[in-house]
Amino acid sequence: MLHIYCGDGKGKTTAAMGLAIRAAGHGRKVVVAQFLKGDNSGERVILAAHPNIQCLPVPETMKFTFEMTEEEKERAWQETADSFDLAARLGREADLLVLDEACAAISTGMLSLNRVLDFLDSRPPELEVVITGRDPDPELLDRADYVTEMRKVKHPFDHGQNAREGVEW
């Protein structure tokens, strides 16, 4: 089935990684691809240590797309496309594939919606897929079996608090 964790609230990646841990704990093979993120997220350390979870490589650092030069955007576009292709290939042999921040990669133009839809339409029927991020495309929502929206009610960022290591990343 296809799961989408979306919305402007905190917890989308956390929910996806929780499902990855649950699946791996039951002996299932998990592939995790993260888009538009660097390698400094705490969840990567613990997930990569589990023998049933394969975390795909990410750049050491990643800027927000609005901070990137055109050259950096081009490099990020290619890295994102390559990462998705690897995730799709490895995902065909897995039980669970997590595409973290794929919605953002699609909405910023770093990842082709058609590429993702083609994969979803041709994936093995037993492959569970999780997609996270803000503003999922309506075509993704139409294909989803689960859609969970995290809604921000209150967040310290609104009052100038920067993201904190171990909590937000």
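**Entry 1: Q34**

In which strand does Q34 lie? I found Q34 in strand β2. I noted at the outset that this is a predicted model, in which local features need pLDDT of at least 70, side-chain atom pairs count only at pLDDT 80 or more, and totals for chains, interfaces and linings use all residues. Residues are numbered from 1 along each chain as its sequence is written, and side-chain values use heavy atoms, with hydrogens and water left out. Helices (H or I, at least four residues) and strands (E, at least two) are DSSP runs, numbered from the N terminus.

I then looked up the accessibility of Q34. Q34 counts as buried because its relative accessibility is 4%; buried means under 20% relative accessible area, exposed over 50%, and partly exposed in between (1.4 Å probe, protein chains only). I took a polar contact as a pair of N or O atoms within 3.5 Å; within protein, one must be able to donate a hydrogen and the other to accept it, and residues adjacent in sequence count only if both atoms are side-chain atoms. The side chain of Q34 makes such a contact with the side chain of E43 at 3.1 Å, and another of 2.9 Å with the side chain of D100. With residues up to four places away in sequence not counted, Q34 touches T13, M17, S41, E43, R44, V58 and D100; contact means heavy atoms within 4.5 Å.

**Entry 2: the sheet**

I traced the strands next. The order in the open sheet of 6 strands is β3-β2-β4-β5-β1-β6, with parallel pairing; two strands pair if DSSP finds at least two bridges between them. Because β3 (53-55) and β6 stand at the edges with a single partner strand each, one side of each is left without a neighbour in the sheet. From one strand to the next the twist averages 15°.

I recorded 3 bridges for the parallel pair β2 and β3, where V30 stands opposite I53 in β3. Helix α1 (residues 12-25) packs on the sheet, touches β1, β2, β3, β4 and β5, and has a direction at about 165° to that of β4. Axes are lines fitted to C-alpha atoms, for helices over the stretch in contact, and angles run from 0 to 180 degrees between N-to-C directions.

**Entry 3: strand β4**

How many residues of β4 are buried? I found 5 of its 5 residues buried. L96, V98 and D100 point one way from β4, while L97 and L99 point the other way. In a regular strand the side chains alternate between the two faces of the sheet. β4 runs parallel to β2, joined to it by 5 bridges, and Q34 stands opposite D100. On the pairing with β5, I noted 4 bridges, again parallel, with V130 in β5 as the bridge partner of V98.

**Entry 4: cores and helix α3**

I looked up the nonpolar cores, each a set of buried Ala, Val, Leu, Ile, Met, Phe, Trp, Tyr and Cys residues joined through side-chain atoms within 4.5 Å. The largest has 31 residues, and L99, V129, I131 and L140 have the most contacts inside it. Two or more residues come from each of β1 (2-6), β2, α3, β4, α4, α5 and β5 (128-133). The most come from α5, with 5 residues. A second, separate core of 16 residues includes A16, L19, A23 and V130.

Helix α3 (residues 70-91) has 22 residues and reaches 31 Å from its first C-alpha to its last, close to the expected 32 Å; the expected span is 1.5 Å times one less than the number of residues. Among the buried residues of α3 I listed A76, F84 and A87. Their cover includes β2 (30-34), β4 (96-100), α4 (102-107) and α5 (113-122).

**Entry 5: loops**

Most residues other than glycine have a negative phi. I noted a positive phi of about 60° at L36, in the loop between β2 and α2 (42-48). E101, in the loop between β4 and α4, has a positive phi near 65°.

Is D135 buried or exposed? D135 counts as exposed because its relative accessibility is 63%; I placed D135 in the loop between β5 and α6 (138-143).

A polar atom of the H155 side chain lies 3.0 Å from the backbone nitrogen of F157. Leaving aside neighbours within four places in sequence, H155 is in contact with K10 and E168.
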